[in-house]
Amino acid sequence: MTVIETIVEILSWFFMVSGSIFVLIGAIGTLRFPDFWSRLHAVSITESAGMILLIIGMCLQAGPTLITVKLLLIGIFLFLTGPTSTHAVADAALVTGLRPPESEGLKAEKLDEDDNG
Amino acid sequence: MVELLVDLTLFFMLVTTAIAITYSRHLFGVVMMAGVFSLLSAMLLVSLDAVDVAFTEAAVGAGISSVLMLSTLTLTARIEKPSTRSPLIPLLVVTATGAAIIYGTLDMPSFGDPNSPAQLGAAAQYLANSPADMHIPNVVTVVLASYRGFDTLGEAAVVFTAGVGVLLLLSGLRRRRRRGDTDEKETS
Amino acid sequence: MFVVAVIALFIAMVLVLIRLYWGPTLYDRVLAVNSFGTQTVLFIGVIGFLAGRPDFLDIALLYALINFVGTIVILKYFRYRAIGDVHQTPTEEETGK
């Protein structure tokens, strides 16, 4: 194993593990945050940071092959569509009348009744 | 070992999703969970090496069916009516069917067994002859699109007819309802 | 390394699934499905590497596209209450409460 291979391996480990950590952080936030608007923030961590780091790690592992091209295509698609769809969900929620809780603290329970828009 | 654990975890999530679907009364949530069910089954198919079926599941389960279910939901109510019948007879039927299917799997060869009848019959010939016959590297493609071409054509015709029928049904209903809305304001 | 990623993705999937079953609003469910779709794409990629045959990334590519279509359909459903051709913009009584 040459020096370059070792470096690539270490870099790929680093990217994969940090990507996994970001995916986990996003999921924990999705579960634990008190209301919809803050959960929106947690979900986008998975979709931007976690996704990008994992894909870079897989690219380094694959080397200069067709697989890397496919991975980069997936990365570009997710990079474009992830924020767009998060925005779309936020827009739909805002249009149908779900509002962020304001001054009197967080009232997550109050949002239950807003289901029917 | 790792693959077995992966499959077991996916099956666990699949069963949980199915149970959650049966308990939910909110039809929109049911559509969402059906989408997740389809994603989970596609992951299972990929991990079981059935890549072509996973492709179909991606296009049909995650793509078309959630669109169709949502456009059906725009025409009906969004909350399921509580059922008045007792669930005993359906439960019995489902249990009996499940038991019969499990009994059927007892005779099956184990997963990936090279001596199973499916591997010994035509499959070996396909594997041996298809590169020389068709010059296509993917054997599944050769079997589906070339050796069984007419079969696939028939399937495509059936699916196309079903799709056109569903589209006609949905659009016709919507137009009729819109006309009704202008006649007598907001009956729902 | 791929095992680490698979385990992390599995834990993340379970957490997101709990959010999906729990709700409480519809948008939480949409958000959970959206996040689950991204995790599916990543999982299919990683499982290919884990099994030593990363040639099946086409499926992940397909999912990345179809996921987006699904989310946009849901947006249209919320915004216009119809999926097909939409002729009119939503009026006050349709969007407001």
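Asp49(B) is partly exposed, because 14 other C-beta atoms lie within 10 Å (a residue is buried with 20 or more other C-beta atoms within 10 Å of its own, exposed with 12 or fewer, and partly exposed in between, the C-beta atoms being placed from the backbone). The loop between α2 and α3 of chain B holds Asp49(B), and the phi angle of Asp49(B) is near 75°, a positive value in a residue other than glycine. Helices are DSSP runs of H or I with at least four residues, strands are runs of E with at least two, and both are numbered from the N terminus.

The model is predicted, with local features requiring pLDDT of at least 70 and side-chain atom pairs counted only at pLDDT 80 or more, whereas totals for chains, interfaces and linings use all residues. Residues are numbered from 1 along each chain as its sequence is written, and chains are lettered from A and ligands numbered from 1 in the order in which they are written.

Chain B contributes 30 residues and chain C 34 residues to the contact between them. On the side of chain B that touches chain C, at least two residues each come from α1 (2-23), α2 (27-47), α3 (51-73) and α8 (149-183) of chain B. This side of chain B comprises 18 nonpolar, eleven polar and one charged residues (Ala, Val, Leu, Ile, Met, Phe, Trp, Tyr, Cys and Pro count as nonpolar, Asp, Glu, Lys and Arg as charged, and the others, Gly among them, as polar).

In chain A, Ser12(A) belongs to helix α1 (residues 3-32). Ser12(A) is partly exposed, as 18 other C-beta atoms lie within 10 Å. Apart from neighbours within four places in sequence, Ser12(A) is in contact with Gly57(A), Leu60(A) and Gln61(A), contact between two residues being defined by C-beta atoms, placed from the backbone, that lie within 7 Å. The C-alpha atoms of Ser12(A) and Leu53(A) are 9.3 Å apart in space, with the two residues 41 residues apart in sequence.
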